[in-house]
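Biologist: I am new to this structure and would like to learn how to read it. Could you walk me through it?

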Amino acid sequence: MQRQTPQRVAIESAFASAGRPLGPQEILDAAREHVPSLNLATVYRTLKRMVEDHAIHPVALPGEPARYELQSAAEHHHHHFRCRRCDAVFDLEGCVEGLKKLLPRGFRMTGHDIVLFGFCDTCGAQA
Ligand SMILES: [Zn+2]
Ligand SMILES: [Zn+2]
């Protein structure tokens, strides 16, 4: 069984209240409100353990440091949006039709990964 340390509880609640994928620094900033002594090394160690326990799932974006999302979010097919100003990553609902039309003759697609980028509502309003 998994160990429920105060650090882990704080990190889980950071994910739950963010409702979007978080990177280690974002997790540290949010979870420190509950556990002020938390540091980045502990965050990394806890995240590693949570991945091993399948509580969270890494979100791999090309050329980006990993973010993580709760396993419950990872279980349904979705895509991500990355803000170019604040670097926050958001979940997108739904998917795109017609990707198979891009394939050369004889190719077979077994999956896809789509990342949209631009400016989030907060950053877009400042632009
Ligand atoms: Zn933004
Ligand atoms: Zn899709």
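Modeller: Gladly; we will go from the overall chain to the metal site. Keep in mind that this is a predicted model.

Biologist: Which elements does the chain have, and in what order do they run from the N terminus?

Modeller: Start with a count: the chain has five helices and five strands. Read from the N terminus, the order is α-α-α-β-β-α-β-β-β-α.

Biologist: What box do the C-alpha atoms fill, and what share of the residues is buried?

Modeller: Along the principal axes, the C-alpha atoms fill a box of roughly 55 × 45 × 25 Å. Of the 127 residues, 34% count as buried. The chain exposes about 8,400 Å², and carbon and sulfur atoms supply 54% of that area.

Biologist: Now the metal. Which residues coordinate the zinc ion (ligand 2)?

Modeller: To read a metal site, look for its donor atoms. Here they are NE2 of His77, NE2 of His79, SG of Cys95 and NE2 of His112, at 1.9 to 2.1 Å from the zinc ion (ligand 2). Along the sequence, these donor residues follow the spacing H-x1-H-x15-C-x16-H.

Biologist: Why is the arrangement around the zinc ion (ligand 2) tetrahedral?

Modeller: Four donors count as tetrahedral if all angles lie between 85 and 135 degrees. Around the zinc ion (ligand 2) the angles are 102 to 118°, so the arrangement is tetrahedral.

Biologist: Are His77 and His79 buried or exposed?

Modeller: Buried means under 20% relative accessible area, and exposed means over 50%. His79 has 5%, so His79 is buried. His77 has 48% relative accessibility and therefore counts as partly exposed.

Key. Residues are numbered from 1 along each chain as its sequence is written. Chains are lettered from A and ligands numbered from 1 in the order in which they are written. This is a predicted model: local features need pLDDT of at least 70, side-chain atom pairs count only at pLDDT 80 or more; totals for chains, interfaces and linings use all residues. Side-chain values use heavy atoms; hydrogens and water are left out. Donors are N, O and S atoms within 2.8 Å of the metal (3.2 Å for Na, K and Ca); water is not among the atoms, so sites may look incomplete. Four donors count as tetrahedral if all angles lie between 85 and 135 degrees; four count as square planar and six as octahedral if opposite donors are over 155 degrees apart and all others between 65 and 115; anything else is irregular. Buried means under 20% relative accessible area, exposed over 50%, partly exposed in between (1.4 Å probe, protein chains only). Helices (H or I, at least four residues) and strands (E, at least two) are DSSP runs, numbered from the N terminus. Accessible areas come from the Shrake-Rupley method with a 1.4 Å probe; for residues, only the protein chains shown count as cover.
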